[in-house]
Amino acid sequence: MIEEYLEKILWTYMFFVMIATFGVSIYGIVFRPNMLKKIIALTIFGDTANVFMIFIGYRAIYPIKPPVLWTSHPDKNVLNTFVSQSIDPVPPALVITAIVINMAITLLITFLAIQAYRLYGSLDVRDLSKLKG
Amino acid sequence: MFYLLHLVMLVLMMSIGFVFAFLAIMERDLLKAVVFSAGQAAAYVIVYYLLMSPDIVLAYAAIGVGIYSAVMIIAIKKTERYEKV
Amino acid sequence: MGTREKILLALIIISLALLAVILSFGALGAVPLKTIRPLGSFYLYFMANNNIMIQEIYPSITKPSDFWAASTEGVTAILWDYRGLDTLFETSVFFFAIIGSVSVFRYYSASLEEKNKKNTNNSSINTKTSDQGLSLIVKLITRINFVVIIAVSASIAFHGQLTPGGGFQGGATLAVAPLLAIAALSRYFVEDVGLKKNTMLTIRTLGLLIIGLLALAPLIMGLVGGNPYIMENQPKSWAMFIGFPSFGLGVLLGSLAFYNMAELLAVGAGFTVVFLLLTLPEEFFKKILSREVGEQ
């Protein structure tokens, strides 16, 4: 009884922490003037979204295993045990591409920021917005 | 019992990640902000490990802690270090 | 901070707190579940299973070999077989992100080649490059690590269909090796080893070409013989293509092994191109930009 109650509290706390991280990163994206700081906040937002995706595929049971089968010639019992203990493999498969592609997009944005600094000598969006032509 | 222990470790790592993310956003010195962001990535690597996704641990440990911080440090060296208020 | 920004901040905080409350009361269903979702359970049952009838659980499926991926690793099986088209288009997004990064530098590439020509004529500069960087111990360890990281990334990628790992993970690990060498030695060391920008672009394009050909080969064969099926891995009873070889489980497992190797090349070489461009000395750009301003 007390364990169920504790579990509920811990999961609720986890969601609040996750949403708070979203909030902090949105604050960084919207209110911080420096472009590199905006990029850092954007990656934090993306990472937290990915963690949330993985949470959806997680299962609230204890003997839990990654979706990797330990034998190459499974029979019926092995498969049933495996499915009863493994996490959902679909969210990790979606997240793994998202992480690598996010990194490539971050590199592209960083390049553009460096180029803007070369041309205009500033990374502050307030300075960049005053430029004309 | 073990399930609760697992959950407590998960909560702890998420909280550490949140603290590092907060410090990274609030820090004026961009170099320190990148280091805090790498700390957040390291905490999330352990979160992914506890959530039983070894594939993501392999990719994210290399990208989040290694490539991302190196690229940001190079970018800071090429541009400016301190954020204006 | 003005009034408008304060209102914006308050709105963000209120909406996020509301979202947290809704989530903790189970808006997405009970997250996390105690049971597994039907789609995930289907993939887990069939990914390594081509001979056992699971009639009690899936009575409608009489031929499991139509649905197997010849892989003991769930994530790789979904990544390159069940949800293969998704990954194909994600890879094309990666392709265009790297192309965009390189095209920022396209403007400078002509001047860069000019500079390289001058450097090769004046060979005394090249011999001095070994003096740059950190101390001897760091340099030696980095040289050893450079080889070790490449070997580890290859092992991560080539075992991708049996153990945790795969093309994306191996490629990300592979990209650390040139980064480490650039940081500890210099970017001239990396270029002397043979990892030049154009070579890396060629390797990356080669990897993407292999992925495209592997994905389209069953479709083309199907167009000739009837019943095309894109990204076919193992033989399907309704399609023409005979499938990629899987000599039991454990040797070479269908198209997944080839996809992983090609993705290793594409991701690793793509990131290396970007690092080589990113670590060009800034004086070089300043010189070109000041010349441009002078011409105008």
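Guide: Happy to! Between chain A and chain C there are two salt bridges. In one of them, Arg118(A) pairs with Glu282(C), with 2.9 Å between the closest N and O atoms. Please keep in mind that this is a predicted model. Polar contacts link eight residue pairs across the interface of chain A and chain C, both partners being at pLDDT 80 or more.

Which elements of chain A give two or more residues to the side that touches chain C? They are α1, α2 (35–57), α3 (76–85) and α4 (90–120). The largest share comes from α4(A), with 19 residues. Sorted by class, this side of chain A holds 40 nonpolar, eight polar and seven charged residues.

Now for the contact as a whole: 55 residues of chain A and 62 residues of chain C take part. Together the two chains bury about 5,300 Å², and 77% of that lies on carbon and sulfur atoms. Of the area that chain A buries against chain C, 13% is supplied by Phe31(A), Phe111(A) and Arg118(A), more than by any other three residues.

Leaving aside residues up to four places away in sequence, Val30(A) touches Lys38(A) and Leu8(C). Val30(A) counts as partly exposed because its relative accessibility is 39%, between the 20% and 50% cut-offs. Ala41(A) lies eleven residues from Val30(A) in sequence, and their C-alpha atoms are 9.4 Å apart in space.

Technical notes
Residues are numbered from 1 along each chain as its sequence is written. Chains are lettered from A and ligands numbered from 1 in the order in which they are written. This is a predicted model: local features need pLDDT of at least 70, side-chain atom pairs count only at pLDDT 80 or more; totals for chains, interfaces and linings use all residues. Side-chain values use heavy atoms; hydrogens and water are left out. Buried means under 20% relative accessible area, exposed over 50%, partly exposed in between (1.4 Å probe, protein chains only). Contact means heavy atoms within 4.5 Å. Buried area is the accessible area (1.4 Å probe) that two parts lose on being put together, summed over both. A salt bridge is a side-chain nitrogen of Lys or Arg within 4 Å of a carboxyl oxygen of Asp or Glu. A polar contact is a pair of N or O atoms within 3.5 Å; within protein, one must be able to donate a hydrogen and the other to accept it, and residues adjacent in sequence count only if both atoms are side-chain atoms. Helices (H or I, at least four residues) and strands (E, at least two) are DSSP runs, numbered from the N terminus. Ala, Val, Leu, Ile, Met, Phe, Trp, Tyr, Cys and Pro count as nonpolar, Asp, Glu, Lys and Arg as charged, and the others, Gly among them, as polar.
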